[in-house]
Amino acid sequence: QLQLVESGGGLVQPGGSLRLSCAASGFILRYYAIGWFRQAPGKEREGVLCISYSDGTTYYADSVRGRFTISMDGAKNTVYLEMNSLKPEDTAVYYCAADYPESTTVQAMCISESPPYWGQGTQVTVSS
């Protein structure tokens, strides 16, 4: 059974940093396209960062470019979303998702498609 579990959310002040984790079980993350998405109350879901380790491509939403990065610990089968210079508008529930790399591109994954595998989400609140 493929499963994704996010953790690391919380309350952080504007300008601060936070690292979210997405641990996978039942499959090996580096063989999939991985995406981080977020949804704020009353807003549509937004794909913020999607990566395909099989072809080395990455997509960043304009809203997070230069502030958010993704990394992976293959031994732990975990990907991380490093979030810096956080703003109140980054407040949302953050989800990680996975898709088969041969069936999508990172841009399509983040913008227009719905990956088949999702975690349960973790709340990030940016407030003073």
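These legends describe views of a predicted model of one protein chain.

**View 1. Helix and strands along the protein chain.**
The protein chain holds 1 helix and 11 strands.

**View 2. Overall dimensions of the protein chain.**
The C-alpha trace spans about 40 × 30 × 25 Å along its principal axes. The protein chain has 128 residues and a radius of gyration of 14 Å. That agrees with a compact globule, because a globule with 128 residues would have a value near 14 Å. Of the contacts with a separation of 6 or more, 59% link residues 24 or more positions apart.

**View 3. Surface and charge of the protein chain.**
The accessible surface comes to about 6400 Å². Carbon and sulfur atoms account for 47% of that surface. Buried residues make up 45% of the 128 residues. There are 9 positive and 12 negative side chains. The centres of these two sets lie 6 Å apart.

**View 4. Cys22 and its surroundings.**
Cys22 sits in strand β3, which covers residues 18-25. Is Cys22 buried or exposed? Its relative accessible area is 1%, under the 20% cut-off, so Cys22 is buried. Leaving aside residues up to four places away in sequence, Cys22 touches Leu4, Val5, Glu6, Leu29, Trp36, Asn77, Thr78, Val79 and Cys96.

**View 5. Cys22 and Val79.**
Cys22 and Val79 are 57 residues apart along the chain. Their C-alpha atoms are separated by 5.2 Å. Val79 is also among the residues that Cys22 touches.

Terms used. Residues are numbered from 1 along each chain as its sequence is written. This is a predicted model: local features need pLDDT of at least 70, side-chain atom pairs count only at pLDDT 80 or more; totals for chains, interfaces and linings use all residues. Side-chain values use heavy atoms; hydrogens and water are left out. Helices (H or I, at least four residues) and strands (E, at least two) are DSSP runs, numbered from the N terminus. The radius of gyration is taken over C-alpha atoms; the globule rule is 2.2 Å times the number of residues to the power 0.38. Buried means under 20% relative accessible area, exposed over 50%, partly exposed in between (1.4 Å probe, protein chains only). Contact means heavy atoms within 4.5 Å. Accessible areas come from the Shrake-Rupley method with a 1.4 Å probe; for residues, only the protein chains shown count as cover. Lys and Arg count as positive and Asp and Glu as negative; His and the chain ends are not counted. The place of a charge is taken as NZ of Lys, CZ of Arg, CG of Asp or CD of Glu.
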